[in-house]
Amino acid sequence: MPKRHDLAPLLRFRRPIVSPRERRLAAALTIEDLRRIARRRTPRAAFDYTDGAADQEVSLARARQAFGDVEFRPRILRDVSTVDTSRVVLGQRVALPFGIAPTGFTRMMQTEGEIAGAQAAAAAGIPFALSTMGTTSIEDVAAAAPGGRRWFQLYMWKDRDRSMALVDRAARAGYDTLLVTVDVPVAGARLRDVRNGMTIPPTLTLRTVLDALPRPAWWFDFLTTEPLAFASLDSWSGTVADLLDTMFDPTVTYDDLAWIRDQWPGKVVVKGVQTVDDARRLADAGIDAVLLSNHGGRQLDRAPVPFHLLPDVVDAVGAHHPDVEVHLDTGITSGQDIVAALAHGAHFTLIGRAYLYGLMAGGRDGVDRTIEILRSQVERTMRLLGVRTLDELEPDHVTQLVRLEPRRW
């Protein structure tokens with residue numbers, strides 16, 4: 001029989017984690033793990049607002065499948081003892097090749113909301129984008145993360161003076177980049193929200209009360225913290241779709257974009273680009289970056305997949321405007337997805353749902369966990385591919401396996 005003193009060095013007991021939040025976040029190894037935790041802890045209406053997309057949600061499924069269809073081509077016998085994940089983005093260096101995308105109604109998902117996102121982003125050295133439909137004011141986000149890099153996302157409203165008042169506030173509060181979102185002339189058909197009776201603030205019905213019973217922590221936080229305060233409006237009582245259709249201006253054109261560009265002192269990114277021609281025209285118009293995005297599949301269902309569009313846009317824009325950056329969002333759920341996008345030609349990426357899953361799973365700590373998961377996956381993937389810097393990533397590192405191919409008429 002082995003002696004006890006011989007076995008002692010082989011038996012190590014894990015130190016117990018007392019905090020339930022720390023315990024569940026430590027067990028989350030992927031963004032999907034965070035999603036499952038978020039689903040357990042968040043009422044259905046709020047979770048589905050984050051998780052869902054438009055109509056049959058085909059656009060979102062295709063965007064995720066596009067990353068799943070990537071095949072990597074690693075290069076061996078390279079010294080990858082150290083890797084550098086930093087890059088200069090719109091004139092400033094960031095520590096990681098992704099930032100936090102603008103998301104609306106964020107404090108409804110979890111009461112720490114945009115403050116948690118901005119502080120986690122600042123700590124990680126990446127940009128945080130505040131949405132026009134955010135639930136924390138422009139000034140409060142700036143005060144909460146004074147050393148962080150902040151971007152402001154703008155929807156053009158029918159009330160142009162009110163829109164530009166937001167732009168002026170963002171400039172005065174130290175936001176260095178304006179994301180102009182151009183794919184929301186009207187709200188998409190987000191059927192989960194309709195079925196859930198999604199309103200701002202949440203409406204208490206028998207269904208929502210029953211849904212709250214297994215999630216008392218969410219409701220306690222929601223009912224005992226400050227009421228939702230929007231970055232851009234005083235209050236709203238109605239459905240999300242009604243709010244969007246009431247506010248957003250379907251008459252916005254390239255002339256309006258030029259007008260906005262002339263009034264903003266910092267960098268301008270146009271978010272929602274979905275064709276090569278529009279990307280080329282925007283580059284000709286003098287914007288600083290195009291952001292390929294179909295709004296996370298939440299607007300036009302069966303829209304182009306940004307990852308599929310990426311190589312053609314990079315070629316078209318780079319041919320005449322090499323200084324115009326090409327960014328990408330939609331469908332990113334892992335560091336491997338981010339690396340694939342960079343190898344395909346993207347200069348930078350944004351995460352939306354991945355950030356919100358972390359927020360719902362554990363507030364600020366959950367957002368930190370999201371960033372750490374993605375950071376470790378990016379670094380590991382770079383090492384396994386045999387690259388030490390982001391600039392070493394190139395198209396030969398990835399192959400897009402063909403699943404959907406346009407019919408040639």
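Mentor: Start with the second largest cavity: its lining has 2 nonpolar, 1 polar and 5 charged residues. (Ala, Val, Leu, Ile, Met, Phe, Trp, Tyr, Cys and Pro count as nonpolar, Asp, Glu, Lys and Arg as charged, and the others, Gly among them, as polar.) This is a predicted model, where local features need pLDDT of at least 70, side-chain atom pairs count only at pLDDT 80 or more, and totals for chains, interfaces and linings use all residues. Residues are numbered from 1 along each chain as its sequence is written, and side-chain values use heavy atoms, without hydrogens and water.

A cavity is a set of points, on a 1 Å grid over the protein atoms alone, where a 1.4 Å probe fits but cannot get out; lining residues have an atom within 4 Å of a point. Points are joined across faces, edges and corners, and the volume is the space filled by probe spheres set on them.

The second largest cavity holds about 30 Å³. Its lining is Asp48, Tyr49, Gly52, Ala53, Arg190, Arg192, Asp193 and Arg298. Helices (H or I, at least four residues) and strands (E, at least two) are DSSP runs, numbered from the N terminus.

Now the largest cavity. About 530 Å³ of space lies there. It has 34 lining residues, with Pro102, Thr103, His295, Arg298 and Gly352 nearest its centre. α4 (44-51), β13 (348-351) and α18 (353-385) each give two or more residues. α18 gives the most, with 3. By class, this lining has 15 nonpolar, 13 polar and 6 charged residues.

Key
On a 1 Å grid over the protein atoms alone, a cavity is a set of points where a 1.4 Å probe fits but cannot get out, and a pocket is an open set with protein on both sides within 12 Å along at least five of seven lines; lining residues have an atom within 4 Å of a point.
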